[in-house]
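Trainee: Could we go through this structure together? I would like to begin with the helices.

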Amino acid sequence: MTLADLTGAEHGYRTKAGAVPALGPLDLHVAEGEFLVVVGPSGSGKSTLLRLLAGFEHPTTGEVRLLGHPPVPGRDVGVVFQQPRLFPWRTVSGNVTAALRWANVPKNDRPAHTARLLASVGLGELGERRTWEISGGQQQRVAIARALAARPRLLLMDEPFAALDALTRERLQEDVRALSDEDGKSVVFVTHSVDEAVFLASRVVVLSDRPGRVALDLPIDLPRSGVSADDLRGSAQFAALRGEVAAAVRATVRATVS
Ligand SMILES: Nc1ncnc2c1ncn2[C@@H]1O[C@H](COP(=O)(O)OP(=O)(O)OP(=O)(O)O)[C@@H](O)[C@H]1O
């Protein structure tokens, strides 16, 4: 079954200076279990695409459907942003428990769910810390656990690792890849990094310059188990796919400049 569908979807923002066309028209279908990574130049409408899927914005024309219906904010989707946006007055556990409360998980079940979610993002030992007592990478792990709390059918991630150092970023990529594979979780993930896109994705879409349209739609058939992350990143197949995506991104930028 198709999980999410954009059909002839366009979005423009109204500003004092007039309408700003941001995205589309776009036909894009996200299948159940897919890890779709969207790459494109700055301003090509990647965040707008996520906002449409989350139901934060409605298309100016065309249709957006999630499980066959217009998306409703907070229902069926979890969102992770570039900044973790945690509640500083709560502990790490408290941040996840709050999300479980919003998801109407019964009070007695919340401690066990919180422990399971924190363990799944590698934070089993840090539940009692305050959010300022953990690193940026760990804060982003809390944000992921919080987004998963409501068991969303679709996880939307908007450049979630952009502010992290290179090593932390690679560790988080490996963990998110494994997490989505174990869970069969459907993900739409936005990044500027071609390496990150090819490593994470089961499919990469490159958007053209604003208003973004599909410039490349490429299945990524890299093995999702049985190979170490280092071997995968060093493989000839990875290099070939990276080359193909990078060429499409360069072409969108050239089209903008010329
Ligand atoms: N609230 C808004 N009001 C007016 N214009 C907006 C608004 N949000 C985004 N835009 C414009 O819409 C276009 C697409 O923005 P969007 O944030 O979706 O792009 P993006 O690809 O995510 O960019 P980046 O890679 O820089 O984060 C841009 O030209 C942007 O300036």
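Mentor: The crossing of α2 and α4 is right-handed; a crossing has that hand if the near helix is turned clockwise from the far one by less than a right angle, and is left-handed if anticlockwise. Helices (H or I, at least four residues) and strands (E, at least two) are DSSP runs, numbered from the N terminus.

Trainee: Which residues make the contact?

Mentor: On the α2 side they are Val92, Asn95, Val96 and Ala99, and on the α4 side Val142, Ala145 and Arg146. Contact here requires C-beta atoms, placed from the backbone, within 7 Å.

Trainee: And by class, what does the contact of α2 with α4 have?

Mentor: There are 5 nonpolar, 1 polar and 1 charged residues. Ala, Val, Leu, Ile, Met, Phe, Trp, Tyr, Cys and Pro count as nonpolar, Asp, Glu, Lys and Arg as charged, and the others, Gly among them, as polar.

Trainee: At what angle do the axes of α2 and α4 cross?

Mentor: Roughly 20°, with the axes of α2 (residues 92-102) and α4 (residues 136-148) coming within 8 Å. Axes are lines fitted to C-alpha atoms, for helices over the stretch in contact, and angles run from 0 to 180 degrees between N-to-C directions. The two helices are therefore roughly parallel to each other; angles under 35 degrees count as roughly parallel, over 145 as roughly antiparallel, 65 to 115 as roughly perpendicular and the rest as oblique.

Trainee: Before we go on, what kind of model is this?

Mentor: It is a predicted model, in which local features need pLDDT of at least 70 and side-chain atom pairs count only at pLDDT 80 or more, while totals for chains, interfaces and linings use all residues. Residues are numbered from 1 along each chain as its sequence is written.

Trainee: Changing topic: how many residues surround the ligand?

Mentor: The shell has 13 residues, and the closest are Tyr13, Ala22, Ser42, Ser47 and Thr48. A residue counts as near if its C-beta atom, placed from the backbone, lies within 6 Å. The shell divides into 3 nonpolar, 8 polar and 2 charged residues.

Trainee: Which element gives the most to that shell?

Mentor: Helix α1 does, with 3 residues. Helix α1 also lies across β1, β2 and β4, and runs at about 120° to β1.

Trainee: In what order do the strands of that open sheet come?

Mentor: The order of the 3 strands is β2-β1-β4, with antiparallel pairing; two strands pair if DSSP finds at least two bridges between them. Strands β2 and β4 (61-66) are the edges, each pairing on one side only. From one strand to the next, the twist averages 25°.

Trainee: How many bridges do β1 and β4 have?

Mentor: They pair over 5 bridges. Within that pairing, Thr7 has Glu63 of β4 as its bridge partner.

Trainee: What joins β8 to β9?

Mentor: A hairpin of 6 residues joins them. Strands β8 (residues 203-207) and β9 (residues 214-219) pair in the antiparallel sense over 5 bridges, and Leu207 stands opposite Val214 in β9. The loop between β8 and β9 holds Pro211, which is joined to Arg210 by a cis peptide bond with omega of about -5°.

Trainee: What joins Gly24 and Pro25?

Mentor: A cis peptide bond does, with omega of about 10°; Pro25 is found in strand β2.

Trainee: Finally, where does Asn104 lie?

Mentor: Asn104 is in the loop between α2 and α3 (110-120). Its phi is near 60°, a positive value in a residue other than glycine.

Technical notes:
Contact = placed C-beta atoms within 7 Å.
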